[in-house]
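Q: Before we start, could you take me through how to read the main features of a model such as this one, one at a time?

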Amino acid sequence: MHIDGDWLNAAPTQAVFAMLTGAGHRALAVGGCVRNAALGAPVADVDLATDARPERVMALAEAAGLKAVPTGIDHGTITVVADGIPHEVTTFRRDVATDGRHATVAFSDDVTEDAARRDFTMNALYAEADGTVIDPLGGLPDLHARRLRFIADPAARIAEDYLRILRFFRFTAWYGDPDHGIDAEGLAACAAAGDGLDRLSAERIGHEMRRLLAAADPAPSVAAMAQAGLLWRVLPGAEPAALPVLVHLEPRPSEWTVRLAALGGDTTCLRLSNAEARTVVALSEAARGEASAFALGDALGAVRARDVLAIRAALVARPLDPVEMAAAEAGADATFPLSAADLMPELSGRALGDGLAQARALWRARAGEVSHAALRDTALRAARD
């Protein structure tokens with residue numbers, strides 16, 4: 001099999017290949033770039049594998065006028081920058097020892113040894129500079145069938161790095177054929193090794209969950225996680241039932257934050273950024289609250305209000321209500337007619353803020369159908385009370 005693509009034929013990438021092969025070394029594209037190219041999917045990052053040792057890669061890059069950064073030199077990885085494009089170049093390796101999080105590696109001259117230490121068969125694919133695919137472990141049939149399988153013994157692969165439990169579900173969501181379902185042997189091994197998730201950092205777990213929920217349809221994988229008793233380990237209190245409904249109802253290709261809000265649960269276990277956490281909490285609380293669609297539009301804007309209404313509908317397994325969606329749009333487009341200046345000098349300080357809040361609550365409750373005079377009276381009465 002041959003692959004092709006602008007990423008492979010690009011002059012900077014070919015320069016990195018030539019830097020290695022011109023010195024008598026083997027150079028192969030590896031992993032996600034080969035997998036995605038074979039599937040006709042976009043390629044983001046270009047990784048290369050070689051029999052050249054890291055110090056040799058550094059020397060060759062510098063001799064070729066390319067920038068070499070020792071980003072992971074202890075594990076054999078050098079980032080070679082050609083024309084501003086980074087290429088991770090990693091020496092063939094084999095695992096000497098693993099502890100479920102980190103591996104001690106030895107360098108190798110054998111691409112089959114390098115392939116055997118990878119996670120899934122579809123990720124153990126390599127390609128020459130001309131696009132000729134090298135398949136040391138027979139991963140191409142799995143790739144063509146969109147079948148995600150661990151390499152060799154799933155339990156052994158998972159014990160090398162427990163993050164592979166979450167990667168199994170994420171890659172199934174992205175690359176598996178939903179008509180074939182999830183690999184039973186891999187699922188059983190993940191379930192049996194669930195305690196290993198407790199050894200992972202919140203950052204690593206959060207990174208995987210973001211990427212899982214960003215798949216076109218993560219619902220089957222998330223449901224499988226729940227059935228295996230694994231979802232609660234990374235997201236305590238989550239309920240997956242609404243997710244497949246939400247995926248069907250989403251008014252736009254959904255952000256992972258919206259899907260996470262639909263799952264609910266304790267997101268502190270995912271170590272989100274402050275902005276991400278605020279977004280998820282706001283969506284989750286609004287979806288489970290009682291604010292009207294108009295009020296949601298006013299408070300959150302049209303896009304987020306529609307997200308909240310989609311979550312609400314998914315939680316009770318009903319279709320989106322076009323009347324509510326229109327009301328959310330109206331709330332987002334409306335302008336609250338009362339200003340602080342309208343209440344001064346009668347009100348000031350905290351009383352001014354409380355009065356405006358009460359008036360806005362009335363305005364939202366009546367979907368904007370209330371006069372300026374009535375709003376002002378409400379604000380003044382609230383301050384007196």
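Q: Which order do the strands of the open sheet have, and what pairing?

A: In general, strands of a sheet pair through backbone hydrogen bonds, either parallel or antiparallel. In this predicted model, seven strands form an open sheet with mixed pairing, ordered E3-E4-E5-E2-E1-E8-E9. The edges are strand E3 (67-72) and strand E9 (133-134); each has a single partner strand, so one side of each lacks a neighbour in the sheet.

Q: In what sense do strand E4 and strand E5 pair, and over how many bridges?

A: Strand E4 (residues 77-82) and strand E5 (residues 85-91) are antiparallel, with six bridges. Within this pair, Ile78 has Val89 of E5 as its bridge partner.

Q: Which strands does helix H2 touch where it packs on the sheet?

A: Helix H2 (residues 11-21) touches strand E1 (27-30), strand E2 (46-50), E4, E5 and strand E8 (126-127), and its direction makes about 30° with that of E5. Helix H3 (residues 32-39) also packs on the sheet, in touch with E1, E2 and E8; the angle between its direction and that of E1 is about 65°.

Q: How do the axes of helix H10 and helix H11 cross?

A: Two packed helices are described by the angle between their axes and the distance between the axes. For H10 (residues 202-213) and H11 (residues 219-227), the axes come within 9 Å and the crossing is roughly 135°. H10 is therefore oblique to H11. Met209, Leu212 and Leu213 of H10 meet Ser221, Val222 and Met225 of H11. By class, this contact of H10 with H11 has five nonpolar residues, one polar and no charged ones.

Q: Which residues of the largest nonpolar core touch the most other members?

A: As a general point, nonpolar side chains tend to be buried together in soluble globular proteins. The largest nonpolar core here has 92 residues, and Ile3, Met19, Val80, Ile165 and Phe169 touch the most other members. Helix H8 (residues 163-175) gives the most to this core, namely eight residues. Apart from neighbours within four places in sequence, Ile165 contacts Ile158, Cys190, Ala193, Gly194, Leu197 and Leu230. There is also a second, separate core of 13 residues, including Phe336, Leu338, Leu352 and Ala359.

Q: Which residues of helix H4 are buried?

A: An α-helix has 3.6 residues a turn, so residues three or four places apart point the same way. In H4 (residues 54-63), the buried residues include Pro54, Val57, Met58, Leu60 and Ala61. After H4 comes Gly65, with a positive phi near 80°.

Notes:
Residues numbered from 1 in each chain as written. Predicted model: local features only at pLDDT ≥ 70, side-chain atom pairs only at ≥ 80, totals over all residues. Heavy atoms only, no water. Axes fitted to C-alpha atoms, helices over the stretch in contact; angles between N-to-C directions. Helix = DSSP H or I, 4+ residues; strand = E, 2+ residues; numbered from the N terminus. Parallel < 35°, antiparallel > 145°, perpendicular 65-115°, else oblique. Contact = heavy atoms within 4.5 Å. Nonpolar A, V, L, I, M, F, W, Y, C, P; charged D, E, K, R; others polar. Pairing = 2+ DSSP bridges. Core = buried A, V, L, I, M, F, W, Y, C linked by side-chain atoms within 4.5 Å. Buried < 20%, exposed > 50% of the residue type's maximum accessible area, 1.4 Å probe, protein only.
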